[in-house]
Amino acid sequence: MSETYLLRMENISKDFYGNKVLENVNLNVKPGEIVGLVGENGAGKSTLMNILFGSETIHETGGFSGKIIFDGQERMFTSSFDALEAGIGMVHQEFVLIPGFTATENIMLNREITRKNLLTEVFGERMNTLDWPKMRSRALQAIETLEVNLNPDMLVKDMPVGHRQFTEIAREIDRETTKLLILDEPTAVLTETEAKVVLNIIKKLSQKGIAILFITHRLQEILDVCDTIVVLRDGKIQKILKPMETNAQEIAQYMVGRELSEQKSSVWEEREFHEVILQVNDLWVDMPGERVNGVSFEVYKGEIFGIGGLTGQGKLGIANGVMGLYPSEGQVTIRGQALKLNSPKDALNAGLAFVSEDRRGIGLLLDQPLSWNIAFTTMQVKEQFIKKLLGGLIKWRDDEAIAKLARDYIKKLSIKCVDENQLVCELSGGNQQKVCLAKAFAMNPEILFVSEPTRGIDVGAKKLVLDTLRQYNEEYGVTIVMTSSELEELRSICDRIAIVNEGRIAGILPPTAPAADFGLLMLGKTDVKEGVESAS
Amino acid sequence: MLVKIQRILGTIGLPRLLIALFLLSLFVIAPFVNVRVDTSINDLIIRFGMNAVLVLSLVPMIKSGCGLNFGLQLGVIAGLLGSVISLELKLRGFVGFFTAISISIVLAVILGWLYGQLLNRIKGDEMVVATYVGFSAVSFMCIMWLILPFKSPDMIWAYGGQGLRTTISTEGYWYHILDDFLRINLGSHIAVPTGTILFFALLALIMWAFFRTKAGTAMEAVGSNPDYARSCGINVNRVRTQSVILSTVFAAIGIIVYEQSFGFIQLYNAPLMMSFPAIAAILLGGASVTKVKMWHVVVGTILFQGILTMTPSVINNLIESDMSETIRIIISNGMIIYALTRKMKVRT
Amino acid sequence: MNPIKKWLIDYSVPIMFILIIIFATPLAGYSMSFLANEIMTRMSRNTFLVLSLIIPVIAGMGMNFGIVLGAMAGEIALILITDWHIVGVPGVVLAMLISTPIAIIFGYFSGAILNKAKGREMVTSLMLGFFMNGVYQLFVLYGMGKVVPITNKSILLSRGYGIRNAISLDGIRQSLDNVIKVNIWGIQIPVMTWLVITALCLFIMWFRKTKLGQDMRTIGQDMEVARASGIDVDRTRIISIIISTVLASYGMIIYLQNIGTLNTYNSHEQIGFFCIAALLVGGASVSKATIPNAFIGVILFHTVFVVSPRAGKELIGDAQLGEYFRVFITYGVIAFSLALYAWKRKVEQENERRSALGLHRASLQKPGGGGINVEKMGN
Amino acid sequence: MLKKWVIRCGLVVVLIILGVFLYIVGKEHVIFIDNKDITIDGVTHSATAAYEIWIDGKQVGRSALAVGKRNSASVAGPSHVIELQAIQDKEPVGEKIVKEFRISARDYQVILNIPALVAGSDLFLSAAE
């Protein structure tokens, strides 16, 4: 039987420093088969594809276990070039194109057709001259295979997004050896018509015998084109389905997983809130990779409001936009007062505080001591921890008060460190996250934005961070807006959860809503009826 | 043990260690080639006093993340203008000296502000642009020295030519005004220019104090992570401009301190390359393109000036030819290249 | 930005220079034939050197201030052939032959260091020039006559080792220029030198069409994509610097055979600045430099160079002013162009992001776009 | 692979040969032309007449080289032609003597003795110290 399969991945397991991301995954692909791969963020899709494509990061982090049999041979790709050579192509989520080059040049990138000349003999192949006419006709041929209208002489930077995607696909199929093509969210940035063209291309390629591994978050696309649907969750294959025998509801169910009853115990009783403290109206945020396209919602005083959704859909952009870190437009009112956008200072003065998802990039001064990190914002914004000398002319830093504050928080949040003078870069991820929280708490905010508070920290620390947040909310009545990719986490702590899809709020659900409803909202099915508050 | 040595080497840095050892060996060899150690030390102290303020002036821009100030010449020009205006006004003694400083501070603030505006628009390319801004400012001032209407006979060419002389003596105005202040003579060969050292200490204290204030703390935060600073509501561009102004003002004061000790105001092309020795000194002291501490200034200036005093005397007596200039070029520029090729986080 | 304004900003440096020329040339009052001859001489002298800057620009490494290293290689070769008494065209060619391996070593060294300073190539290559000047001094001032045997007493310092400050290159003086010399309308044209320059232009044009040239263009546009597509980025960058350094050493030999005297310790110092200033004056930028840029630049830059001392003298009665002025414009042009480029790039990135957002919004305005009222979000 | 290295090595060899060739062809020599008595292997050739001298077709000096005098010329490359015309009372006397000779690339300065050349000795050329 095995020879009928083009690709067999057997018992693939992989861990990153003890953290299991893939466990005994078996995947079989026949020639010409279109296999759809779905799963939440962190389900292991990208890791699986990276293993298949021989990505260097896999090998730098200790390799993987299991067997890959491709084209009847057991293979182990140590670099993406090996994989390419064997006949596996990959179209990445971000374009890997040269904007100043034409379609032809990009399609033929580093595979240019050349002619020998005199200097070749001396200096080697790289002195070959390019054979432009031949390259152009080769590129045209690849474009024609796709049956799209793409000008081979057009510069990529002048192309609409869809054409850039075509160029990328054309590059992969131009390799005569390509037998398997991995498409990582090829339609994510495309308009509907463009996406349709891409889906057509996929079908055509499969008719030509090229097998396709297709990753997407748009469920309808999967149902439309795939022969087989593989649902991954928590590093395991949850279910293998046939599109005729299933529906979006079921896929979402498998994807999001656990029914609520399993872990419901940790969720507190329902609370009632009345006073609106934060009102967001038609907010647009230009955050690269997390664009927000006009969201509106209200947050009540004292509640914990969750924002969930898949990566790249824009959930992270909301907090960043409100805090003024990325260019944004729209109306944000706090306690009925309009907030000036695009100004972090005004946001902080209005009583907001933010724990960024980009801990190391924005959240911390890595090469400064703990005490500074905790006190800095408060010192700059509220002028606390400052001794005024000469009638306020000199604002002297009160290192003693800062140290005291830091020691307080070290104790309160049980941050593991030598003392308050230790550099933050020497702390573990979980403790760094606690420092970020301490920094925000020190501001005594009315509304606290927390993004991905448990990303990259171990299980024990995760619980501690969430407990701290909840305790803070209960004790001080602080309103918390928490953004997270982990739905379970949101459901365990939030009073309401908004799900963001394609930059818009797909729906707001109570944490008790069935998992499948969340799954459908994440995948852009806005017609979920049950328990959905108005989406816009 | 080996690991420990490696760690120590890592923190000190190989080139720094080599140069310190080189300097030490020069001091050891000195008596054997008939070079007096005490006069050498005297030279070193004097040169330290002359140059330390200029080196100090680099600190704010490194702290705020603007990198090494290759445009130090702008501050120097402000200082030169202040000096010649004070001489033109025929002000002598401390009055003249402090008038020169006051005028140049005003000019340095203006120049520094403009320079800061430029650097904010070209983030990421500060160093190469600053180098050429420095060069072109010096060559522009060459024209200005020629056509500015200065009249003092002490400063213009004696034979009725146009413009200022290339070197103007501060003798009779404020020559050694700081050097001779509370001067301490230790034996016949060491005379400590106490005033200059004290003045440097005062400026260093001011600098240190500044970084203990709210504004100084903000500056340091901008340097270590501009995104963090911005998320804390700090106007990053304004803080950067402040740091550039501060650097420029200190450079202006620095050149005036240099002049009073050296005895001459050097115009025209003299300041052209002035930024490189100062930068090399602070790097030698242990600073990097993004990090600096106050003691780096002191250590760096002593090491760099030490090499500069010792090589001509010792090496010349040793091999009987003057290699000091060549060694200076190799060490100072080599040090800068070393710093530039270190891995560092690149933010734009 | 409207296209006229953009064009004016893009070409502000050449426009400025044309204005200076229009203003200063009548002031200087040189005859047309003098000017034409002077510029012809300077073009044949400098163009090759300026052209040597182009290839690193293609590879995205900016202006290679490290051509100073190439110039040093050329000078070392010239010192050797002068010591050996090799004269005429064979002398020039032999000097090129000798300078090649030296320049390759220098270029490799330079390229390897620049690879460690990605993103800061220009300031590093500038410092590298200064640094190697020290090493060159060490070699020529102390090594030659001691480590490297030099028999020709006339080029040695009286102390018996080290090369003199100035060496006469009488043996090869203008030998290349004089192989074929044509006089057209009173202008002396050194045809052979021009043939060499033309050959280099053809080489550059051809090189851009080779696989290596294409790889360099790729790296110049996006290093990460180049790496992802399997191009050995570091090696290619080193090759581009080696080519530039080798060409610069030839350029320096052509330059010096025309001048006829070698200022052992100064000739190379200013070469980097002048060539880069000339190329920028021709409308080149850090990321784009073409052969026409080099020619236009040399003409404009050197016209200003020729006329400014006399114009300065006429203007305020002091030729020194013009001297200072031309130094100022050299540095000023570089500072201005580099700053303008960095600033423009920042603005462009900003605009690109903004227009991407605009496009994105437009695409959402379709019916069924989730019920969001996009109209009022107009730009 | 082998072919490439053979070609590369070949090219290097060719370049080195070219270098040697250029060295020889471009080497400048200073020829001191002596119209003086000389003793070679015990035989003394004595200078008797003044000569007008051309080297490679170019006249050396403005007038004839008198007995006991020396003149010099700079040439490049290994092989040269010297033409001698004896002069008496400002009138040419007798046949022009034409002689080809080679200078070793090792010698920068050489002495050419006219009496020896006229007498037909092969040792008319010697390296100058």
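Tutor: Two strands pair if DSSP finds at least two bridges between them. Helices (H or I, at least four residues) and strands (E, at least two) are DSSP runs, numbered from the N terminus. This is a predicted model, in which local features need pLDDT of at least 70 and side-chain atom pairs count only at pLDDT 80 or more, while totals for chains, interfaces and linings use all residues. Residues are numbered from 1 along each chain as its sequence is written, and chains are lettered from A and ligands numbered from 1 in the order in which they are written.

Student: In β22(A), which residue is the bridge partner of Leu448(A)?

Tutor: β21(A) pairs in the parallel sense with strand β22 (residues 479-483) of chain A, over five bridges. In β22(A), the residue bridged to Leu448(A) is Ile480(A).

Student: Which residue stands opposite Phe449(A) in β21(A)?

Tutor: Strand β18 (residues 352-355) of chain A also pairs with β21(A) in the parallel sense, over four bridges. Opposite Phe449(A) stands Phe354(A).

Student: How many residues of strand β21 of chain A are buried?

Tutor: A residue is buried if 20 or more other C-beta atoms lie within 10 Å of its own, exposed if 12 or fewer, and partly exposed in between, with C-beta atoms placed from the backbone. In a regular strand the side chains alternate between the two faces of the sheet. Both faces of β21(A) are covered, with Ile447(A), Phe449(A) and Ser451(A) buried on one side and Leu448(A) and Val450(A) buried on the other. Strand β21 (residues 447-451) of chain A is therefore largely enclosed by the rest of the structure, its buried residues numbering five of the five.

Student: Which residues have the most contacts inside the largest nonpolar core?

Tutor: A nonpolar core is a set of buried Ala, Val, Leu, Ile, Met, Phe, Trp, Tyr and Cys residues joined through C-beta atoms within 7 Å. Two residues are in contact if their C-beta atoms, placed from the backbone, lie within 7 Å. The largest core has 410 residues, and the most contacts inside it belong to Ile212(A) and Phe449(A).

Student: Which pair of chains that touch has the most contacts?

Tutor: Chain B and chain D do not touch, and their nearest C-alpha atoms are 31 Å apart. Of the five pairs of chains that touch, the one with the most contacts is B and C.

Student: Which element gives the most to the side of chain B that touches chain C?

Tutor: The contact takes 31 residues from chain B and 37 residues from chain C. On the side of chain B, α6 (93-121), α7 (126-147) and α14 (324-341) each supply at least two residues. With 14 residues, the element that gives the most is α7(B).

Student: Where in α13(B) does the kink lie?

Tutor: The expected span of a helix is 1.5 Å times one less than its number of residues. The 26 residues of helix α13 (residues 294-319) of chain B should therefore span 38 Å, and its end C-alpha atoms are 37 Å apart, which agrees. The bend at a residue is the angle between axes fitted to the seven residues ending there and the seven starting there. The kink is of about 40° and comes shortly before Pro312(B), at Thr311(B).

Student: Is strand β8 of chain D largely enclosed or in the open?

Tutor: β8(D) pairs with strand β7 (residues 79-88) of chain D in the antiparallel sense over nine bridges, with Ile82(D) opposite Lys99(D). The hairpin of the two has two residues between the strands, and Asp89(D) takes a positive phi near 50°. Of the twelve residues of β8 (residues 91-102) of chain D, zero are buried, so this strand lies largely in the open.

Student: What is the separation of the C-alpha atoms of Val30(D) and Asp107(D)?

Tutor: Val30(D) lies in strand β1 (residues 28-34) of chain D. Because 15 other C-beta atoms lie within 10 Å, Val30(D) is partly exposed. Val30(D) and Asp107(D) are 77 residues apart along the chain, yet their C-alpha atoms are separated by 9.0 Å.
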